[in-house]
Amino acid sequence: METRAPVRSPARSWRDRRLDRDHVLGLRLTLAAVAAFLVLVPFALLASLVAGSWPPLHALDVEVTGAMHRYALDNPAWTSTMNLWTEVFGPGPLRIAALALVVGLWRRGARRLAVWVVTTMVVGGLLGPLLKVLVGRHRPDLLDPVSDATGYAFPSGHALNATLAAGVLLVIFLPAVRDRSGARGALWVTALALAGVTGLSRIALGVHWTSDVLAGWLLGAAVLAATCATFAVWRDRPPGDPLRADGRDG
C-alpha cells in the first residue's frame, strides 16, 4: 500500500514562514538594541565624569589640549589644514550633503532609506545641542587661540555629525559594492577618515577637549545603532505589505 507524505496546508506554511521571519527580525532587533545600549554605557559614564569634573579626566584633557595647541602654533600649515577640514566637514555642509542624498533616494523610490537618513541626522542633530545645555561644559580657554567656536563643549557637534554622516555613507553605499573588496575598503577608509579627522581637527584647533570628541563619536554610534534597529523593523515587512521589503514604496 502506497504511503503518501502529509501535505502541509498553505495556511500552515505561511504561518511557519511568518514565524521564521519574526524570529530573524527579533534577533536582529535585539542585537541592534544591545549594540546601542553598549555604546550608550561608556557615553553615559563619560558624561558623568565630565559633569563631576573628575580630576584625572580633566588633567588628561588639559594635557592633550596643551600639547595640540603648541603644535598648532608651531605649524601654521597644519593649523590651516585643520581649519579647512573642520569647515568643509562641519555639521552644516554634512547636513546639506545628507539632504541631497535624501532627495536622490526619494526620486529613486528608496523612500524608507531616505526617511532613515533624515531620522538619523535629525535625532543626532537634536541630541547634541540638548546634551550640551544639560552638561554645560565650557570650551578650552587658550591665551593664543588658532580658531574659535561658540556654545558649550560637551559633546562635540562636529564629531557627532561626522560620525552620523560616516554611518549613513556605509549603510547606503556598502550594499552596492558588496562584491568589490577594493571599493568596500575605500568606503570604510573614507568613513573612518570623515569621523576621525573631523574629531581630531576640533582638538587640534583647541575648541574642544578630547573627551568632548570621544563623546561625540560614542553618541553618533549609539544613534546609528538605534535608528538602524528601527529601520530593520520597518524594512522586514510581509510580501503583501504596501511598503515592500526592498525599501521601495509599492
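**Loops and ring pairs**

Author: S53 sits in the loop between α1 and α2 (55–74), where helices are DSSP runs of H or I with at least four residues, numbered from the N terminus. The model is predicted, so local features need pLDDT of at least 70 and side-chain atom pairs pLDDT 80 or more, while totals for chains, interfaces and linings use all residues. Residues are numbered from 1 along each chain as its sequence is written, and side-chain values use heavy atoms, with hydrogens and water left out.

The phi of S53 is near 50°, a positive value in a residue other than glycine. Most residues other than glycine have a negative phi, and most peptide bonds are trans. With a relative accessible area of 53%, S53 is exposed (over 50%; buried is under 20% and partly exposed in between, with a 1.4 Å probe and protein chains only).

P155 belongs to the loop between α5 and α6.

The structure has three aromatic pairs, meaning rings of Phe, Tyr and Trp (its six-membered ring) with centres within 6.5 Å; planes under 30 degrees apart are stacked, over 60 edge-to-face and the rest tilted. One of them is stacked, because the rings of F43 and F154 have centres 6.0 Å apart and planes at 20°. This pair links distant parts of the chain, 111 residues apart: F43 lies in helix α1 (residues 10–51) and F154 in the loop between α5 (111–135) and α6 (157–173). Both F43 and F154 are buried.

Another pair, Y71 and W78, is edge-to-face, since the ring centres are 5.7 Å apart and the planes at 80°. Y71 is partly exposed at 44% relative accessibility, and W78 is partly exposed at 25%.

Key:
Helix = DSSP H or I, 4+ residues; strand = E, 2+ residues; numbered from the N terminus.
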